[in-house]
Every structure is written in C-alpha cells, then in structure tokens.
Amino acid sequence: MRYYVTVDGGTENLWLSRRAAKMIREQAIANLRRFRITSGYDYVGLDLDGASVSGFPNLNLAGIERRLRASLDIKAATTLQATRLVVSQAPVSDDTPLDALELVLAVEEGSAFAWTEGRTNFSSVITVDPDARALKVNAVVQDLLQDLMVANSDSIQAVLRKLKPALVAQELDKQPRRKAQSEMAPVDHELLGERLFLGTKASYAAQRARDAGRRSVFSTFEPDRYASFSALARHDLYATMDPDELSGFSDLWTGLLVDRFAEHFLTVDEAVELVRTGSFRRTRQERLEGQGQKVKARTRRQDLAADDLKRVIGDPRIVTADGSYILCVVNRAPTGVAGKLEVEFTNGSPSKRLLNKLTLCTEKRYASMIPLVRKGIVTPIRLFLKRL
Amino acid sequence: MPSTHYIGVVDLTVRLTSMNPLGHIDARQANKSFERHVITACRVAYDNSADPQSLVKNSIVIEGLTAKYFHFVEQKDLLTFIRKLRSLLIEDRLPFKICVGLGSLESSRLRDRLETSLADAIDTDDEVAKDRLLNELGVDDEETVRALFELYRAPSVKDDAVLLSAQLETFKGFGICLDKGLAGKIDDGQIFFNQLPVRTRASGRVWQPVEYLDFRFPTDSHDVVMVLAREPDPDDPTHSSAGPGEDHQEADDDSDAKFAVDDEEIVDMPATGSSVLVAEVFNLLTRSFKASEENGTYYTSLLTTIVRSSHYADMIFLPRARKLEPGGRRLASGWQKVPPVYVTLLARRQRPMLKKIGGFELVLGALIDEIYSGLTGLTSSASVGSEGSDAARAGWAANVFKRAVKDIEAAYGEAMLRKILASPAHVLREERKREVLTILSAR
C-alpha cells in the first residue's frame, strides 16, 4: 500500500487531513519498533500519502479512481493498483470490474463502531459512530497500516510466496470450468492468491474473535475479506500499543500461519536462503527504554555462512514441529553480558565455544533473549520452518 | 440597494506582505491552487445551498487579479463558502485572509457612469453629459470614446468592494474577519469575538487589540491528547513498577510534579483532526517567523481561533503516575487529556519563538478563558451576545484550572500574565481575571 485517500463529502473538514499520513506513520512505526523487539517480527514501512478527493454526489470507486488519476498528488498512475484506504463520511459504492483492485478498505460514518463485510469489491468496511470519532478514525487507520507493514516483512512474504500458488491451484480446481466467462477475464493469479490469503486471514480473525469472546473496541467484528490483526489486538483507542496488545498482535500472526498454512512453511534450504538474501532490520541499542530503536535501513546478512546457518536452522532438537522459530544473530562483540550470551548461544553446554553467533529459539525461549535484543546485541529473525 | 447582502473578499496574504513562509510557496503554483480552491468552495456552496437556482442567479464571485470578491444573498451560503475555503487553503498551507461585510457589488463604477453619459450625449445631445465626458476623458465624440472603452477593458472594482479592500489592508491577520457590524445579524453559534494585535502610531511599541468577528473550527469533543508513561524495563531492577502509595484522588499538591508537556518523548498523540491542523499551522508559523519575526503577529488571530475551537472539558492533571487499568499501561504524571493546541503552546521547543510574537498574550488569554469555560460549562468570554456574568458553579475542577494558570505562568513568565490581565473583556471576562489573580497571589 502506498497511500490512502480521504474523500471529502462536502462539509467543512475532512475526517483525516491529507497531511495526517506523516503523523500516523510515525506512530505506527514507533509501535512496530517495540513489536520488533518483543516478538522478533520485522516490518517494511509503507510510503504513505494522502489525497483528498473533493466531494461529489454518489461517490463511487470508479469516480474516486478517476479523480485520483487527475490529481496532481499521485504521480504514477500505476500505483493506483496498489492497496488503498478510502476514508469517507458518505458510503462509497463500488462499480469497478472485479479483480481491478488489490485491496480497498473503506472507513465510513455509521451508527456503531463496527468492522463488517465489504460490499462487492471491497475488502472491508469499517463504520465509525460519531462518538469519539476523531480518535476512532485515527486508531483504525493506524491499525490498518501497522498490520500491512508487518505483513510486508520478508519472513511472512517468504511463506506467502509458497502459499499463494497452492491456494490458487486449489481454488481453480474447486470450480472446474464452471464459468466459461472466465475466458473473457483472465484470472490474475497474483491477485487471486492475495485475495484468497486475505480471506483466510479474515475468517481466522473472525474465528479468534468469536472463540475468545474477547473484549474488542469494535461493537461488531465480522470481517469478510480482510481483517487487521492489529485492530483485533487493540484494547482501547490509544496510539501506543501496550505489552498485551503487542503480544496479542504477534500471537494472531503466528497463530494464523501455524494453524492454517503449516504445510507451506520453509525447508532448511529455503530458510537459509531467506536469511542470507532477505533484508532485516539490525537491532540497535534502545535510545530510551520502551521506545524501540531507530534503524534506518534493513540490511542483508550475506556475511552469515550458509553452512553455519544450515546447522543451526536444521537442528532437529529444536525444530520438532512445523512452526514459528526465531533465529537470533549476535550483532557485535558483547560487553558485560558475555556470560549470559554464552549460556544462551551454546544451549547451556559451556564447553562449546560461541557457535558462530547464531542460535535458534522457540517462541518460549525467545523471551529470555529479549533483554539482549533490547540492548542491541542480538538481531532476531522470525522463521517459519517445516519439521525436519 | 439591499443592505442585507453579504460581500467579501479573499486574498492570499503572501502577495500583499512579506509573510511568505521561507522556501515554501511558489507564487505561480500558489495562485493556481488558490483559484482551484475558490472554485471548489463555490461548488460546495452550490451543493449545499437550499436554493441553488437563486444562488447561481444572485451570488457571484468576481473579478480582481489579486483578490477574489464575492457576493451572497443567503447567509448560509456565505458561511458554507468561507468555511470551506478556509479549510482548503489551510490544508494547502497557503496563508490567506478573508474579509466579509455587508453591502453589494452592484453599485456603480466609473465606466458605467461614463457609458450612461455617452448614451445620453448621443440620444439627447445632452450638453451636461458631453461636458462630463470632456471633463473625464478629454474627448466627446462617440467614436473615440468607444475606442477608449475598447482599449480599457480592465475589470474595475465597485464602490463597496473598494471599502472592503481597505478593510482587507487593515486586517493584518490570518483567517476570517467578519465586520463587527454583523454581530447581531449572523446567527450562528460558532462566531465569536476575536482580537487582532496592531501597532498604531499612538500606541507606540505597544500592541493594541482590535476586535472583529471570527468563526470557530468544527470541534470533535474527544479531540484530546493522552500521555502514557514509559513502560518500565522488566530487566531493570531499579524500575519498580508503580509505587505502592498510588494516589487516586487529584489532590492539589504543589510538589514538583513533572511538567509532562516538556517531556516530548512520551507524548502519545493520535493524529486526530486538530493535532494535524495545529501541526500545519505551526509549521507555517515557524517558516514565516524565519522570514521575518514581525510575521508572527499575523498568526495570533488564527492561533486564537484554534484555541477557541478546542475541547477543554476533559482536561485532567495527575500529580502522580497512575495505573489506567489492571495489568495495563500507566498514565504519566502531569497533564493528561489535553487538547493538542495546549500541548503545543506550552511545549518547551516552541516557547522561545512564541514569546517573541507581538500580541501573543491574546492567545494565552483566550486559552485561560476557554479552559475556564470548558471546566465550568459556562460560555466563553468571546461568544457573541452573552455578556452575562459567571453564575455559581458546583464541583468544578478548580485545581485543574489553577494548575493550568500556573503552568502558563511558569512557561511564559509573570510579565506575560500581567499583559493577559490587561487584555479586553472579550478575551477574558473581569470575573475570570479576578480568579486568575487570586491564583497568582496565593503563594
């Protein structure tokens, strides 16, 4: 997703100013920095931009699209295909041909704060009631962005790349030439895969919300094609996520992948490839406690030897089931914590020397790594591994 | 001539003054955006008008190369138009001013008079008309006069519009200025008396407030900032989580409770409507201020409008950090739930600049007044048609008000408070000044 659109329904103020993007992005990234530490999930920031489309009667997606194209704000028309968020007071109808858009979310005025199923092409519609409207709109937009940023991380995308073709093949098998019309509109496999994945994600979120009977900020949470895990993990309308929310957020992501897609997890070779070629944020010392670290760029870890990685990732004593593991890489020569580091990185057998600065943790053991990550000594990399 | 018509003018202030925010505005681009926004505002007025036909027939936005004049018959249309225009221009970061008064753009102009004279001269061979033509143009034969009219095709400004231009020149502010004469005529709960600091020859170096009418921005009643405490590091033994003697009542203690707005790292500010607006305006102010320090004064009117459009009823001050919910996060000590503009005005980063702005006491005075009104539920001193005194109020958060006044004093000094106390009653009513004085003198 590259930007959002705010639609002005004709009254004085927009719900979300065109320039709110910068602030929301900062807040979302501040949360994700802490999320990186406590869960090991990485994220990829989005380029955000707002465009305000001045109100006109009977808003529809095609109309908004035309306005956007004409607008000076959006330079390349190709980016219109990217994910998009429409914030509007009035309901937006949809009359674009199916499969034209990857993902569209709408935030609209309603009588309750609810997450409901989308109309036709929409992925989801979030309605916001007038009570505490400014805070609610803000919270929802921030959640959507946070969730998308985490979904863009290399760890998750590596699984999705394997997963989507399988989902598409399954779906096409299910309806064997039921419609000859499909010849007319050739199916975009990439788009279909994305949609199927998001659909599964939404149904998983709905199920989790039902099972737990959990307190949610939404009065109704019935996602149809898209659900933001960050929104589901949210307890209140504050911009900063608390530890509970952070762990809930990571739990939802891990849960979805392990629960629904475990057969598409990475083999040892694929995981080694991912670690060496994917880009991940290297952790740094926190500037202020609880604030996360500021890291500008993600880097590739080609300095790590493939053999060492293979030995660590392919350790049958740790990878006992298809699941989510966290690879911990030592960043720099430790000072003051050498003892602790040695214990953590040699699996408790002090006879061995530091094993190439690498260790693989289960979710549970990662908790003991967090202090080292906080201090910027260890960089965590989330991996979804197949059982050996 | 119907006097209940409304006329107004809007102009990009950057064109008249040196107020151009440094390195920000490209005049040509700004001009195009300006025209586009005027057109958009016209459309919005049209869409929302009760009688679009009459709007098209009777209302106009006309002429002027540097400014746009407009004329509305219906009050509601006028309000829709100027408010929409204001939000569009602020969104685009263009400093502007809008002046509105009563009158008509249909009054005569020189060229109309000359054309009448010419017609008279031809039709009736009127000597007086010929003399007038001779007097004004130096010729009286039809052909030459017509040629002159061909040559001089410039749109000219009409009488009422000229007066309005003069008003535009004198209004050294940023935002909307309604003629004071409209006070009883416009019935909209959102108008209020705003003050503009000006420096006259008589006043010397002292800024004198000039009163005019302004519009509030729409307010979301929950548009507040909440401040959360940093999470304690679970590995750090020095961080014992929340002290044992947690104090839930907001006791009025004068201890050195931390002045939370100073600690900018921990402000948890959602980018709600007004915080974006405040950020935009401060961005412009900073740039304009760099261009020339005098420019700061232009912004006091707009800052006052923002101050008057915020929500203060929920303001909370916590002497100590407090748990918000079991097992959850903690609220930081200091200010909790304050409108974004309060945080911004008192933030340490902004203060040196704000202190230098001439007439800034009017903004702070309005802030004190609005906090008082918000906490007591009374009307603001600036509202139109409510000159009544403060009624008795039960159980209002007096200590919160006290804390706010003290914080403003701590941030801006005693001299500023004295200036605030000297400001007009429409900034801060006399009874409220007395309240402030009581707080300041109690030590």
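Modeller: A definition comes first: a residue is buried under 20% relative accessible area, exposed over 50% and partly exposed in between, with a 1.4 Å probe and protein chains only. This is a predicted model, in which local features need pLDDT of at least 70 and side-chain atom pairs count only at pLDDT 80 or more, while totals for chains, interfaces and linings use all residues. Residues are numbered from 1 along each chain as its sequence is written, chains are lettered from A and ligands numbered from 1 in the order in which they are written, and side-chain values use heavy atoms, with hydrogens and water left out.

Colleague: Why is Val128(B) called exposed?

Modeller: Its relative accessible area is 54%, and the term requires over 50%, so Val128(B) counts as exposed. Val128(B) belongs to helix α6 (residues 127-137) of chain B, where a helix is a DSSP run of H or I with at least four residues, a strand is a run of E with at least two, and both are numbered from the N terminus. Between the C-alpha atoms of Val128(B) and Phe282(B) there are 60 Å in space, and 154 residues separate them in sequence.

Colleague: How much of each chain is buried?

Modeller: In chain A, buried residues make up 57% of the 388 residues, and in chain B 52% of the 443 residues count as buried. Chain A has 11 helices and 12 strands, whereas chain B has 15 helices and 13 strands.

Colleague: What makes Tyr204(A) and Phe229(A) an edge-to-face pair?

Modeller: The structure holds 21 aromatic pairs over all chains, and in this one the ring centres are 6.3 Å apart with 70° between the planes. Because Tyr204(A) lies in helix α5 (residues 189-212) of chain A and Phe229(A) in helix α6 (residues 229-233) of chain A, the pair ties together parts that are 25 residues apart in sequence.

Colleague: How do you know whether these two residues are buried or exposed?

Modeller: Tyr204(A) has a relative accessible area of 4% and Phe229(A) one of 0%, so both are buried. In chain B, Phe174(B) and Tyr299(B) also form an edge-to-face pair, at 5.2 Å centre to centre and 70° between the planes. Phe174(B) lies in the loop between α8 (159-170) and β5 (175-178) of chain B and Tyr299(B) in helix α10 (residues 296-308) of chain B, so this pair ties together parts that are 125 residues apart in sequence. Both Phe174(B) and Tyr299(B) are buried.

Colleague: Why are α10(B) and α13(B) called roughly parallel?

Modeller: Helix α10(B) and helix α13 (residues 360-376) of chain B pack at an angle of about 5°, with their axes 9 Å apart. Angles under 35 degrees count as roughly parallel, over 145 as roughly antiparallel, 65 to 115 as roughly perpendicular and the rest as oblique, so about 5° makes α10(B) roughly parallel to α13(B). The axes are lines fitted to C-alpha atoms, for helices over the stretch in contact, and angles run from 0 to 180 degrees between N-to-C directions.

Colleague: Which residues meet there?

Modeller: Contact means heavy atoms within 4.5 Å, and among the residues that meet are Leu303(B) and Val307(B) in α10(B), and Val363(B) and Leu367(B) in α13(B).

Note on methods. Rings of Phe, Tyr and Trp (its six-membered ring) pair if their centres lie within 6.5 Å; planes under 30 degrees apart count as stacked, over 60 as edge-to-face and the rest as tilted.
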